[in-house]
Amino acid sequence: MKVLFHFIVKTFLVAAAIIGCSSLTFAQWSVPINLSPGAVSAILNESMGSCIGVSNDTLHVIWADRFNSKTGAIYYTRSVDTGLTWSAPVSITSLTGNAYNPAIAVNGKNIHVVWRVIDTITQHRTSWYRHSPDGGNTWGAAIALDTSVADWPAVAVSGNIVYVVNDIVTSQTPYNTEIFFLKSTDNGITWSTHQQLTYATGRSEDEAISARGNKIHMSWNDNRTGQMQIYYKESSDYGVSWGPDVAIVPPFDYGTMVSVDGANVDVPCAGAASGHYQIYLVQSADSGVSWGPAVNLTNDPANTYYYPFLTRDGADLHLTYVKSGVGGQYLHSANGGISWSLPYNLGNSQITPFVAYTSCAVHIILPDSGRIKYFRNPTGNEGSHCNLTGISSNSETNLVKVYPNPFEGQATIEILGAENIEQAVLKIYNMLGGEILFSKFGNQRKLIVNSDKLGNGMYIYIVSEKDKVIARGTFIVK
């Protein structure tokens, strides 16, 4: 038993060390979970429109299910416990419509979703919007945002201000598309008229948008020079006025998005300067005023890469993309993009995997064989937002205590200092994210956990009250 105990403690310490060593985080990835049971052909958007949004410990995910070539609907699901459990999917558009390419933006309980609809008879394309004010419990009416031929909307939110950009056909001969902008200052109730942002020949399209405070950042695909490349522009006054169009990646490039964290702006794209598309990243440390060089992150001229998506937490960068013939890939940088981990293979995806983080955990969704798969790494994010409550030698917090720990036989999980615990619940998971035990505290402050129901090893516990996480941590059964 002592040998086993020492092995478990060593395993625990190695797991804790993973928090500070990105090269070992691959071992923490869960097996994929199917978020779209019963789907006919579930797909996500391309990289410019994210399909995953985060608010504290809650994840919101949307996708399009294509029933046939002329019919599809947008579906929504959420997890209120950092991806450990998920709600049943619900459709938020008509099941007889032709909706796809959704994008989501989240601020607190407010969820904003846009998508495009193509009329199967006239081929007229329209951008639509829908808002949930209560974290996905209920949804307002769907609103058509334009009447002209508009394509592929993207959405961002900052406070109560919602921003949408899309590209509109301004001329059929010669063919020309330009990017237009509109906003709502009352959480999507009323909307401004469209404001044209680009004025160039050719195609300005597939725009991505991100907002923080008074600043809005946009990147897009543009072939005004005869070759596709990535352009960027910004607004510092909530979209009232905009700076110039700036080419930030040399041609030939396609497929971009924009990520913002403080003054750091990151724009990845698929660039084909050497023939095969590779994943390039260009960065600004001063809110888009100046830009560094485009850096080739994959540097593999024998293979093709595309659809990159990135999120940043301080110095921690999480990047997903697709490798042709292989599928979804994940890269992590713990030093702001100076160096990167080896790629982690996510599975058979031929369109954008999306990545997000909640505290220490990293979350990835991707379409795979007509289903939306979800991956979770509980210790993959090392940034300043990461607070590994309970990940310590005694796995205690100031609200919940587990004792003894490690234990054999039984342990007590006690809530400390809570005034009302009638609805508090305990959930215990294995290290792959599988739920092992569920119990209600009732009007008691303590629950007894028996080791014979668990087996030897390390476990994660979460104590929550009315879907709000009170505390989380780990314990060891020896």
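Leaving aside its neighbours within four places in sequence, which residues is Val165 in contact with? The legends below take up this residue after an overview of the model.

**View 1. Overview of the predicted model, with 1 helix and 37 strands.**
This is a predicted model, in which local features need pLDDT of at least 70 and side-chain atom pairs count only at pLDDT 80 or more, while totals for chains, interfaces and linings use all residues. Residues are numbered from 1 along each chain as its sequence is written, and side-chain values use heavy atoms, with hydrogens and water left out. The secondary structure comes to 1 helix and 37 strands; helices (H or I, at least four residues) and strands (E, at least two) are DSSP runs, numbered from the N terminus. Of the 478 residues of the protein, 57% count as buried, where buried means under 20% relative accessible area, exposed over 50%, and partly exposed in between (1.4 Å probe, protein chains only). Among contacts between residues at least 6 apart in sequence, 48% join residues at least 24 apart, a contact being heavy atoms within 4.5 Å.

**View 2. Val165 and the largest nonpolar core.**
With its neighbours within four places in sequence left aside, Val165 is in contact with Trp152, Pro153, Ala154, Ile179, Phe180, Phe181, Leu197, Glu207, Ile209 and Met218. Val165 is also one of the residues with the most contacts inside the largest nonpolar core, together with Leu35, Trp63, Val113 and Ile365, and this core has 78 residues. Strand β4 (residues 58-68) gives the most to the core, with 5 residues. Apart from it lies another core, of 20 residues, among them Val402, Ile415, Phe441 and Ala471. A nonpolar core is a set of buried Ala, Val, Leu, Ile, Met, Phe, Trp, Tyr and Cys residues joined through side-chain atoms within 4.5 Å.

**View 3. The largest pocket and its lining.**
About 970 Å³ of space lies in the largest pocket, a volume being the space filled by probe spheres set on grid points that are joined across faces, edges and corners. Of the 42 residues that line this pocket, the closest to its centre are Val54, Val106, Ser210, Arg212 and Thr311. On a 1 Å grid over the protein atoms alone, a pocket is an open set of points where a 1.4 Å probe fits, with protein on both sides within 12 Å along at least five of seven lines, and lining residues have an atom within 4 Å of a point. At least two residues of the lining come from each of β3 (52-55), β7 (99-107), β11 (150-158), β15 (204-212), β20 (259-261), β24 (305-313) and β28 (354-358).

**View 4. Strand β15 and its hairpin with β16.**
Because 8 of the 9 residues of β15 are buried, this strand is largely enclosed by the rest of the structure. Over 7 bridges, β15 pairs in the antiparallel sense with strand β16 (residues 215-222), two strands being paired if DSSP finds at least two bridges between them. Ala208 has Ser219 in β16 as its bridge partner, and in the hairpin, which has 2 residues between the strands, Gly213 takes a positive phi near 60°. Tyr199 lies in the loop between β14 (195-196) and β15, and at 61% relative accessibility Tyr199 counts as exposed.

**View 5. The open sheet β34-β33-β36-β37.**
These 4 strands form an open sheet in which the pairing is antiparallel. Since β34 (435-440) and β37 (468-477) stand at the edges, each with a single partner strand, one side of each is left without a neighbour in the sheet. Strand β33 (residues 424-429) runs antiparallel to β34 and is joined to it by 5 bridges, with Ser439 in β34 as the bridge partner of Leu426.

**View 6. Strand β31 and its two faces.**
In strand β31 (residues 400-403), Val400 and Val402 form a covered face, whereas Lys401 and Tyr403 form an uncovered one. In a regular strand the side chains alternate between the two faces of the sheet. Strand β32 (residues 410-415) runs antiparallel to β31, and 4 bridges join the two; within this pair, Val400 stands opposite Ile415. The hairpin of β31 and β32 has 6 residues between the strands, and in it Gly409 takes a positive phi near 95°.
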